[in-house]
Amino acid sequence: MAFEQPACQTCESTLISRLFCFSCNAFQPLPREIDLFEVMGLPIAFEIDSEELEELYQRLSLELHPDFFETAPEAEKRLSETALVILNRAYNTLRDSTLRAGYLLFLLAKDKKLDERTLPVGFLQQMFNMQEALDELLNSDDTAALIRMSKDLQDRHKKIETSFVSLFKIIEDSPEDLEKLQQLQTYLNADRYLRRLVDRIPENGLLQN
Amino acid sequence: MAYSEKVIDHYSDPRNVGSLDKSDENVGTGLVGAPECGDVMKLQIQVDPVSKEIIDAKFKTFGCGSAIASSSLATEWVKGKSIDEAMSIQNTEIVEELSLPPVKIHCSVLAEDAIKAAISDYKSRNED
Amino acid sequence: MERIIGIDLGTTNSLSATVFEDGPEVIGLDDEASVTPSVLSWTDSGWLVGREAKDRRISNPENTVYSVKRLMGRDMAELGTIVKDLPYKIVEAQRQLVKVRVGSREFTPQELSAEILKKVKLKAEAILGESIGKAVVTVPAYFDDAQRQSTRDAARIAGLDVVRIVNEPTAAAIAYGLDEKKDGYVAVYDLGGGTFDISILKLTGKIFKVVATHGNTQLGGDDFDRAVVDTLKARIKQKHPDAEFNDPETMQILKKTAETIKIDLSLTTETSYSFALPKLGLLIEGSFNIEEFESLIAPMVEQTLESCRHVLHEAKLTLKEIGEVVLVGGSTVVTSVRKQIESFFGRPPHVAIDPYKVVAIGAGIQGHLLAGGRRDFLLLDVIPLALGIETLGGTFSKIITGNSTIPIEESETFTTNVDDQTSIDVNIFQGERELIKDCRALGQFKLKGIPAMKAGFPLVEVMFRVDANGILTVSAKEKRSGKKAEIEVIPFHGLTQFEIERIMDDSFEHAIDDFNDRQLIEFRQTAERVFRGIEQTWDIAEKALGAADREKIQKQIEVVRQSMKGQDSQALKAELDMLGDLTRPLADTAMGQTILSELQSEV
């Protein structure tokens, strides 16, 4: 889904990011609600080019960071600080697939009523059982079993991510498909539970070695 | 004991953690979750078949601290109540000093939902 | 462009650095002079700071204070056993503060740190020949908000505006990154006198991004010393069961011996010691080998490796992905520490930059950037520990998670749990644990005047904002009624504005705060140093210089001596410069070079 390319308020060049004009180096006035995809110059879609995201985050930081405005007038200093707050929020939200899915769903479902607490059938019980199993594993020092569980959780997370891709594509063509939106909400909720479990497995980084 | 101290107590030393026999027909089990942050709570009640009074309650919660504290409080609270009384759970706690820390929105309803789910499970198994 | 210097305010030593024409370097005539030991000693005429104070540790133990950094922003309970091992007295003061008692006087850790900062500032001013008003000061990455605020307060008392607080490992990474210009993940292992930090940074082109950080603000080389002291005590007790070690002099002698043993064992595998304990009437002799020392410090080193595992987990990285390990801090020269880091990370650590200087240099470079002197790199820093509020039940609800890049703003909506609650306590905490009793209280306020509503009805939005300086502002708003409240968080352990002003007034009475006077003192010291240098190289002078030149030098020395008695610092500097020109040929000779070359450039 493409959005209308905004123009710079000072020199009217097409903006890459809502925050700043790379042509004339001007800060842009900020609307009350800012679209995080526009901040990062990305089309509104679940699949993103993470290299592009990384690159623009760095380019914008190098222009806008308050460290470069330490000796600037107070108003400019504040502007740079606010810009960085927004930039960090956009970057953190969009680079994480669960947060990105949540934000995108929020954008797409804005005026529609979704049940925000749905889960796949039997999923809650399954999560409860896995949490209990994890409790036991954490007390048992069974590293092999922990690695297996960690891998299982990663796989399930990847599966959900694949579903996100196809579901968001469907929504792109038929934005009013409530059933698919609700399905997205269900998967998103499930993904949050998986995350919670993954976070409890310690030293994940080392286990993968 | 001040209200918040009493609640802190329930976190540092949660009461009633554990499980009751799920297959016992006098036991009702409620399993609820808060998908916003991946909390899951199991709350069980044991009902006296004659007096219909809740004689025991146990819980197990995986989630944030205040969810655990509120589960502990809720299980204490329902014990000795009739299932009808427990169904109309209300925060009518009288406190002199009305300045307290807030609660997470989903935590404030999770325990209540769990009690209601446990009671309805009990009722559905004892419909005759 | 107003200069912003970098200051490494260390547990054991403090240094300053700045960017000179030919690049960043520590400020000082030579390696020794650039270092100010973080030690103070009280005399009738006020504080002695630095090397002179360190020399009085044994002769005047009650009045000599060191390791002040370990007291910053801490209360008695948190300090725990550290207190009883220090030869100076620590007392409890109001609002959970501690103070150091020297004679009949009491000083806050902030005032004491300020004295060290003043000394560092004064030395830098004399060498740079300009007044210094702004600085970037480094702190351990794992310092919490209260400890950072205390450091900021100390600088204010010393007359310095802290433009930025930078984490020590991050500062080190700046110095390393600009030196090596290699992209990738860098782990900075920083073990100082009293604190340990591990940080992982991602270097990509001009951007230095802190990915994750972890540490322990109560673990360092001091603890190695203490372990050795405990062993020495146990050995003495075996032969002299009645021996008591509580008097300050004995404590200082033991501490000094332990330091020597530690340093020796970085160079050799066995060392012997022999020292007198006059208060006990004992002469102690013995030896210490590397195995004994290693087994003593092993649990502490293991603690640091535990932090390394944790930080990798946080950063979601494997060991293989770490491109380089940079060592920082005096305690990383301990051989067994280095060995274990190498075996943990599976590669020899990077030691190209002096681990003693690297933090100050990085801070100096960051100061240069903040002053507007360069745009060739950017540091993206994080808050080390989560920030949040107390929720009912004494539980901690995070609003900003640890390791978030700053500046950042986050909000979360809460509600009440009791009917008709008209006022809400917003208690602000920092930490990574689930209960507020395990976290650090930063501040509190009440959101008042909320109309009575049923529990669960009010919508209380709490917003946290951390600016690029790491300063936290918290606001709360009840959305249904529109009631608002906001504070900039001044931690409980910090000083109030009034207290800072009072201390500044007090210290003004003692301080030699006139720029000319300060320069005079420093140039007089420099002159003495130059004289010593000339004396040491005079043999060479007799071969390298003609009689006429030698006579000129002798005459100029006399001129400088006269000028030293006067009160004009600029005149003294001019004569010193002249002496520098005359002795330049001496500096060109091989031996003279090491002694005099630095004098030439700095004077």
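**View 1. Strands β8(C) and β9(C) side by side.** Strand β8(C) is joined by four bridges to β9 (residues 98-102) of chain C, and the two run antiparallel. Two strands are taken as paired if DSSP finds at least two bridges between them; strands themselves are DSSP runs (E, at least two residues) and helices are runs of H or I with at least four residues, numbered from the N terminus. Across this pairing, E92(C) stands opposite V98(C) in β9(C).

Before moving on, please note that this is a predicted model, in which local features need pLDDT of at least 70, side-chain atom pairs count only at pLDDT 80 or more, and totals for chains, interfaces and linings use all residues. Residues are numbered from 1 along each chain as its sequence is written, chains are lettered from A and ligands numbered from 1 in the order in which they are written, and side-chain values use heavy atoms, with hydrogens and water left out.

View 2. Axes are lines fitted to C-alpha atoms, for helices over the stretch in contact, and angles run from 0 to 180 degrees between N-to-C directions; contact means heavy atoms within 4.5 Å.

View 3. Chain B has four helices and five strands, following the pattern α-β-β-β-α-α-β-β-α along the sequence. Of its 128 residues, 50% are buried, that is, under 20% relative accessible area, with exposed over 50% and partly exposed in between (1.4 Å probe, protein chains only). Among contacts in chain B with a separation of 6 or more, 63% are between residues 24 or more positions apart. Q46(B) lies in strand β2 (residues 39-47) of chain B and counts as partly exposed because its relative accessibility is 22%. Leaving aside neighbours within four places in sequence, the contacts of Q46(B) include L20(B), D24(B), N26(B) and E53(B). The C-alpha atoms of Q46(B) and N26(B) are separated by 5.7 Å, although these residues are 20 apart along the chain.

**View 4. Two residues with positive phi.** Most residues other than glycine have a negative phi, and most peptide bonds are trans. N16(B), which is not a glycine, has a positive phi near 65 degrees. You will find N16(B) in the loop between α1 (3-12) and β1 (27-34) of chain B, and its 12% relative accessibility makes it buried. In chain C, S67(C) also has a positive phi, of about 50 degrees, without being a glycine. S67(C) sits in the loop between β7 (64-66) and α3 (76-79) of chain C and counts as buried, at 4% relative accessibility.

**View 5. A cis peptide bond in chain C.** I406(C) and P407(C) are joined by a cis peptide bond, with omega about 0 degrees. P407(C) belongs to the loop between β23 (404-405) and β24 (408-415) of chain C.
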